[in-house]
2 protein chains.
Amino acid sequence: MPKRARQAGNAVTILDVARHAGVSPMTASRVINDNPNVGEAMRERVLASVKTLGYRPNLAGRSLRTSSTARIGVLYSNPSAAYLNQFMLGILEQSSLSGSQVLIEKCSGIRSQRAATQRLLDAGVDGVILPPPLCDSAQTLQELDERQIPTIAVATGAPQEGVGSVRIDDYQGARAMTRYLLDLGHRDIGFIKGDPKHTPSALRAAAFFDTMAEAGIQVPAEHVAQGMFTYRSGLAAAAELLKRKRRPTAIFSSNDDMAAATMAVAHGMGLRVPEELTVVGFDDTPVATTVWPELTTIHQPVTAMGRTAVTLMLEEIRRNRSGRPKAQVHQVMKYTLVKRQSSAPPAR
Amino acid sequence: MPKRARQAGNAVTILDVARHAGVSPMTASRVINDNPNVGEAMRERVLASVKTLGYRPNLAGRSLRTSSTARIGVLYSNPSAAYLNQFMLGILEQSSLSGSQVLIEKCSGIRSQRAATQRLLDAGVDGVILPPPLCDSAQTLQELDERQIPTIAVATGAPQEGVGSVRIDDYQGARAMTRYLLDLGHRDIGFIKGDPKHTPSALRAAAFFDTMAEAGIQVPAEHVAQGMFTYRSGLAAAAELLKRKRRPTAIFSSNDDMAAATMAVAHGMGLRVPEELTVVGFDDTPVATTVWPELTTIHQPVTAMGRTAVTLMLEEIRRNRSGRPKAQVHQVMKYTLVKRQSSAPPAR
DNA sequence: CTGAAAGCGCTTACAG
DNA sequence: CTGAAAGCGCTTACAG
């Protein structure tokens, strides 16, 4: 067989190193992996060959043999399509970078949730990431805990004992937004609450009331409406707030979908935004830049949160495999107050 | 120690799939890699087994064997955030599955476009995918062509010579939607055109007018408005159409953002949708299911189009590497007419 | 301390 | 259209 010269891409292998150093591939491998059971003379010869040949281990070969590809499950129920897209983008980016694999399962009811979890476990996942609203499902969390599966809850308002989490500080975010409205000069500020089943809802509302109280403002009941985070519920809530006798000059909606609905209602009543009514949201989902005027809102780095969830998960899995104890990392990401065209000082 | 069926990390391999499907590992491999040389029956059996067992290829094994990681560039300018998220999801899913790398570059003006292309080339990409609206940029296409880089244009209305494409049939989609409105009983149908710089705009408009003409209806000029695909332009266009003396009973908007704006305007005029006005869109982006009532629209399988773009690109790269001639595949994906709550027969 | 053998999961190249 | 064989680069498990 004709000897082939080394082509581009035809890289130096551990066999080349071994041959060059005059040792077996095993000895070369041991040296490269810092295994202590190697004589000093051999070690030096191998290291010299590594350097001369410019050897870099092929990670595919190594990981194939050690088979340490992590499998990460993502279990979701029914978040908004926009949110999930952004989130999965981060998950896939990071998993592709780290060479880990991602399995995605969707569930609707509680029964299907059980089945979906089972499918993930059958597929051999090493850990499960839970985007909202599943991040707060007591049932799901308990089931994963019983099976000792490392779990990371994303965007929960109430990080649990024994489960890692990635989130923003909803309280501080809502506080910053309320302060911003106060600084613009607004005093009559309406608030649309989010779905009470989602843990961030209470935090956002509490921050609003606390910050208003600190400014010496008692928020009248007629300035508060209950929403469910959907556009439809936002239509009803905004109509309620805007029909009241004492109309607010600004409305702080607990998420962007409801804020978009609020703008539609205001528009319908002939109110110009932001000249006659300031409308702000929370989350900075794609709808915030779809509507016009574009929404002032609190940006959640959803894609980055996906990346971080994978990173934390990988650390936890490694810890798990090497028998070290759980770490339960809680990563709090930075939110940003994004000022766009839907907010302005009150008319006077 | 109790025997566990499948331990965490003890994953399903292609051998398991082959055994389960009763075929050789090679056939399983072919199906998984979309190799066309497989009988339909075998393909289906293997795909079923893949699904049942939850098989995901081990990238280490694959890349060890193929040892040729393809690099795919994605160059985009300013599509809507929602669209890009959906699209990138498909890109990353498929690239992760195939073990290829994805490099993403954003550009704004023409100058930055040149620089972005250069960065991709410097990074050694084997091909470039162009989502809209760059898919139609003569400048970008020419520059890539000059450098002989395999290119795939996504969602273009005018597939070019020498460039692969992934798209839906915009003409047929708009035709199907127009027929649907006619079948509901609408005769006075308004139409909002899209940005004339985007190639699908003309196709969607032509299909509308042709189909109306076939039904014996001459669309009056006052029933047509020009939009730019943005929500804002939709607000203006809808206001225009709805203020005319002879008000249409239905409005077909060239995309969802403008349809959402149309609903907001209708809502503002006290018109109930769909009882007093039917509103339909095109694309099925996340906003279609955010607004209320949810939009009847033409679904574009954006995520699947991302996956397909990667698959085609990989084939082209392989062809390129093995010295075979260019193939210039044009893949037309299936659209779906999704009926939701924004459409109904005209009131009478 | 050192090495020969085997195999991780996958796909190329060949044969039918 | 389908499959048996071989091997990508590395390291585990065993034997000396």
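This passage describes the protein surface near DNA strand D, one buried aspartate of chain A, and the interface of chains A and B. The model is predicted, so that local features require pLDDT of at least 70 and side-chain atom pairs count only at pLDDT 80 or more, whereas totals for chains, interfaces and linings use all residues. Residues are numbered from 1 along each chain as its sequence is written, chains are lettered from A and ligands numbered from 1 in the order in which they are written, and side-chain values use heavy atoms, with hydrogens and water left out.

Around DNA strand D there are 23 residues, of which A:I14, A:Y55, B:T27, B:R30 and B:G39 come nearest; a residue is taken as near when one of its heavy atoms lies within 4 Å of the strand. By class, this surface comprises nine nonpolar, ten polar and four charged residues, where Ala, Val, Leu, Ile, Met, Phe, Trp, Tyr, Cys and Pro count as nonpolar, Asp, Glu, Lys and Arg as charged, and the others, Gly among them, as polar. At least two residues each are supplied by α2 (25-32) and α4 (59-66) of chain A and by α2 (25-32) and α4 (59-66) of chain B, and the largest share, five residues, comes from α4(A). Helices are DSSP runs (H or I, at least four residues) numbered from the N terminus.

Of the atoms of DNA strand D within 4 Å of the protein, 60% belong to sugar or phosphate and the rest to bases.

A polar side-chain atom of A:D16 lies 2.8 Å from the backbone nitrogen of A:T13.

Between the two protein chains, 36 residues of chain B are in contact with 36 residues of chain A, contact being heavy atoms within 4.5 Å. The chains bury about 3300 Å² between them, 67% of it on carbon and sulfur atoms, the buried area being the accessible area (1.4 Å probe) lost on being put together, summed over both parts. B:R56, B:N85 and B:W292 supply 18% of the area that chain B buries against chain A, more than any other three residues.

Definitions and conventions:
Buried means under 20% relative accessible area, exposed over 50%, partly exposed in between (1.4 Å probe, protein chains only). A polar contact is a pair of N or O atoms within 3.5 Å; within protein, one must be able to donate a hydrogen and the other to accept it, and residues adjacent in sequence count only if both atoms are side-chain atoms. Buried area is the accessible area (1.4 Å probe) that two parts lose on being put together, summed over both.
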